[in-house]
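Please look at the sequence and the structure together, and keep both in view as you read the paragraphs that follow.

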Amino acid sequence: MLTKMALAASLFFATAALAQEDKSASPETASYGQDTPLETLAADPAAAAILNKDLPGLLSDAQYPMFKRMSLKSLQEASGGDLSREDVNKTVADLQALPKR
């Protein structure tokens with residue numbers, strides 16, 4: 001599943017993510033959502049723990065460097081169904097439940 005998702009993500013990244021503006025925010029002030037770049041989430045240990053729980057293998061995938069600038073929403077759209085909308089919604093809800101810093 002992650003291999004297909006990584007391939008789809010790399011194709012999407014090559015064409016669309018380069019044109020996408022940087023929507024990253026400081027983890028201290030961030031309210032995470034479906035448009036937050038994965039690398040921003042991975043930089044926050046609490047958010048990374050949620051990604052590892054809800055989407056196991058995502059951050060450790062060999063192709064992660066190719067799709068780390070994508071958001072959960074973009075990754076889901078590029079996954080061809082390998083990453084479900086429900087999984088993204090659950091992950092976003094868990095991220096938004098994190099206490100503000």
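**From one buried glutamine to the helices around it**

Leaving aside its neighbours within four places in sequence, Gln 76 is in contact (heavy atoms within 4.5 Å) with Leu 83, Ser 84, Arg 85 and Val 88. Gln 76 lies in helix H5, where helices (H or I, at least four residues) and strands (E, at least two) are DSSP runs, numbered from the N terminus. With a relative accessible area of 16%, Gln 76 is buried, since buried means under 20% relative accessible area, exposed over 50% and partly exposed in between, with a 1.4 Å probe and protein chains only.

The model is predicted, so local features need pLDDT of at least 70 and side-chain atom pairs count only at pLDDT 80 or more, while totals for chains, interfaces and linings use all residues. Residues are numbered from 1 along each chain as its sequence is written, and side-chain values use heavy atoms, with hydrogens and water left out.

The chain holds six helices and zero strands, and from the N terminus on its elements run α-α-α-α-α-α. Of its 101 residues, 40% count as buried. Among contacts between residues at least 6 apart in sequence, 67% join residues at least 24 apart.

Leu 72 is buried, with a relative accessible area of 0%, and, leaving aside neighbours within four places in sequence, its contacts include Gln 34, Leu 38, Leu 51, Val 88 and Leu 95. Although Leu 72 and Gln 34 are 38 residues apart in sequence, they are 5.3 Å apart in space, C-alpha to C-alpha. Met 70 has its place in the loop between helix H4 (64-67) and H5, and at 0% relative accessibility Met 70 counts as buried. Met 70 and Leu 38 are 32 residues apart in sequence and 6.0 Å apart in space, again C-alpha to C-alpha.

Now turn to helix H6 (residues 85-96), which has 12 residues and reaches 16 Å from its first C-alpha to its last, close to the 16 Å expected at 1.5 Å a residue; the expected span is 1.5 Å times one less than the number of residues. Which residues of H6 are buried? They are Val 88, Thr 91, Val 92 and Leu 95. Seen down the axis of H6, these buried residues fall within an arc of 100°, so they line one face of the helix, the arc being that of the directions from the helix axis to the C-beta atoms. An α-helix has 3.6 residues a turn, so residues three or four places apart point the same way. The buried residues of H6 pack against helix H2 (38-43), helix H3 (45-54) and helix H5 (72-78).

In H3, Ala 47, Ala 48, Ile 50, Leu 51 and Asp 54 are buried, and, seen down the axis of H3, they fall within an arc of 155°, so they line one face of the helix. On the other side of H3, Pro 45 and Lys 53 are exposed. What covers the buried residues of H3 includes H2, H5 and H6.

How do H3 and H6 lie together? They pack at an angle of about 155°, with their axes 10 Å apart, where axes are lines fitted to C-alpha atoms, for helices over the stretch in contact, and angles run from 0 to 180 degrees between N-to-C directions. That makes H3 roughly antiparallel to H6, because angles under 35 degrees count as roughly parallel, over 145 as roughly antiparallel, 65 to 115 as roughly perpendicular and the rest as oblique.
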